Amino acid sequence: MRDKITGAEALMRALQAEGVKTIFGYPGGSIMPVYDALFDYTRGDKKSFDHILVRHEQGATHAAEGFARVSGDVGVALVTSGPGVTNTLTGIADAMLDSTPIVVIAGQVAITALGTDAFQEVDLVGVAQPISKWSYQIRHAEDVAWAVSRAFYIARSGRPGPVVLDFARNAQVEEVEWEPKKVDFVRSYVPYPKLDEDAVRQAAELINSSKRPLALVGQGVELGNAQEELIAFLEKADIPAGRTMLGLSAFPSNHPLNVGMLGMHGNYAVNLKEQECDVLIAIGMRFSDRVTGNLKAYAKQARVIHLDIDRSEIDKNVKTTVAVVADCKESLPALTALLHENNHQEWRDSFKELDQKEREKVIEPAIHPKEGPLLMGEVVNAVAEKASNDAILVTDVGQNQLFATRYFKYHHKRSICTSGGLGTMGYGMPAAIGATFAAPHRQVCCFMGDGGFQMCIEELGTIMEQKAPVKMILMNNHYLGNVRQWQDMFWMQRKSFTKMMNPCYELIAQGYGIPYQSVTDRKDLASAVEKMLNTDGPYILECAILEDDNVLPMTPPGMSVNEMMLEV
């Protein structure tokens, strides 16, 4: 006869079975039995988990995302019902669009109270279903072990994503005989499609006959842990590769086949060359509108090969010639084995003139200005030059994100955390907290604008309490910079509610006991960056930025990628 335990205790054991070590959470009434059980599992001989008390439930989900992105494990958020869990919905949607594996566990009223408009009752399963891989209500203690195992299996397998568990209060306090469960199969769910060898052969034939191949590398390479397989593939056939924003650290910045970042604010040459290549090889990316620009004019000359684990991405935006639906950890080696050793030096050399044009018109003026106020590009470059090779870039959303992703350096896999598909302001600081717990020995550099910083400012409390070593670079231009840029360029300079009155960040830093420095003159920038990086624990470096600093190049919305602008 097994001993009986509560559903809350069963949750602890189920999380142990999944290898969970870190939980980001915020307690409340409907999840209190779980928190009571958690108390014993965070101390003494029974200690299994580190619980990180965030200051807002949205912060819990973003911290779980940052943890998942850097570690490759599933991030876990634990919250209460009602407003506690509705505050997580932005993070859940963010994780869904960016294929980030997190499990959100939320308290719920007892099943006898469901549908009665009980205090802090909300139909979580109904609300979360469209923005999660799976959403399920645990109604009885006997369901806990199975539901948790299934949740983690779905979150981490195939194309990863968020799973939501709605944990009824009665199920938390009911008793059950503990029996571990292991779910590794779900009917009608095929996370790893069988590799089609005919498709691989067709793709290899196209690549072998190509004169101007171009690879587009997405985050799927990182999610599949296929960085080495990617390099072997590209090097054998001598294929230049551009990277999506989320795929930037899948391929080292200094590799000779790296030709830059794709997208609206990516690099000039690779965007224009998408319109000249004869074979376009998309690897673990979804042909976002920010990459393709006007789809009617996108890469019409090219035969398209699409490698992706998710069949629903095939032909969704761009019509493919050959689709290889499989995990890229499997499909890339299979394809590489059929490729001829090749040399595309002339094709690769054709990028250089465009690269030089961008360097002269955009990059050098952005990172080495000779006069005037500080620019975002030079701040990012100054940090990138002094940061360690395995430093992790975390960004918020806006101009800070676009400058940071352009000018940071990527030498190590899983080195970028940024909100891609949803574009969530307020993502940066909590995601950086999660990153420090995923990789405590790596530098975490978090770039934020003054708008995004204030959207998550409460998480300074989490940083203070945990002494999380987040290096926060606040690029302050007193504007919602990206919206201001669009207003200037496309809305006749009508700056409608984008100017910001900001607080004294030095006083805020003092209140949280976090070291702070302000830089207004570029002669002080290098030493300030060095001091920040050499200071143990968290740090806030505020940089006074030119108010009308613009991110360039830029493909105007609705235009073709070959209409990319180098200047306003």
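The model is a predicted one.

**The second largest pocket**

Let us start with empty space. Rolling a probe the size of a water molecule over the atoms shows where such space is left. The second largest pocket has a volume of about 750 Å³. Its lining is made up of 30 residues, and those closest to the centre of the pocket are Asn258, Gly260, Asn267, Arg359 and Ile363. Several elements give two or more residues to this lining: the strand β11 (258–261) and the helices α15 (345–349), α16 (352–367), α17 (376–386) and α18 (399–407). Which of them gives the most to the lining? That is α16, with seven residues.

**Aromatic pairs**

Now to the rings. A search of the whole structure finds 14 aromatic pairs. A pair of this kind is described by the distance of the centres and the angle of the planes. Two of the pairs are set out here.

| Pair | Centre to centre | Angle between planes | Arrangement |
|---|---|---|---|
| Phe287 and Tyr298 | 6.1 Å | 70° | edge-to-face |
| Trp486 and Phe490 | 5.7 Å | 80° | edge-to-face |

What does the pair of Phe287 and Tyr298 tie together? Phe287 lies in the loop between β12 (279–283) and α13 (289–292), while Tyr298 lies in the loop between α13 and β13 (303–308), so the pair links parts that are 11 residues apart in sequence. Both Phe287 and Tyr298 are buried.

Trp486 and Phe490 belong to helix α22 (residues 481–490), and because they are four residues apart there, about one helical turn separates them.

**Charges over rings**

Where does the charged end of Arg150 sit? It is found over the ring of Trp134, 4.6 Å from the centre of that ring. Lys273, in turn, lies over the face of Phe351, with 5.7 Å to the ring centre.

Conventions
Residues are numbered from 1 along each chain as its sequence is written. This is a predicted model: local features need pLDDT of at least 70, side-chain atom pairs count only at pLDDT 80 or more; totals for chains, interfaces and linings use all residues. Side-chain values use heavy atoms; hydrogens and water are left out. On a 1 Å grid over the protein atoms alone, a cavity is a set of points where a 1.4 Å probe fits but cannot get out, and a pocket is an open set with protein on both sides within 12 Å along at least five of seven lines; lining residues have an atom within 4 Å of a point. Grid points are joined across faces, edges and corners, and a volume is the space filled by probe spheres set on the points. Rings of Phe, Tyr and Trp (its six-membered ring) pair if their centres lie within 6.5 Å; planes under 30 degrees apart count as stacked, over 60 as edge-to-face and the rest as tilted. Buried means under 20% relative accessible area, exposed over 50%, partly exposed in between (1.4 Å probe, protein chains only). A charge sits over a ring if NZ of Lys or CZ of Arg is within 6 Å of the ring centre and within 35 degrees of the ring normal.
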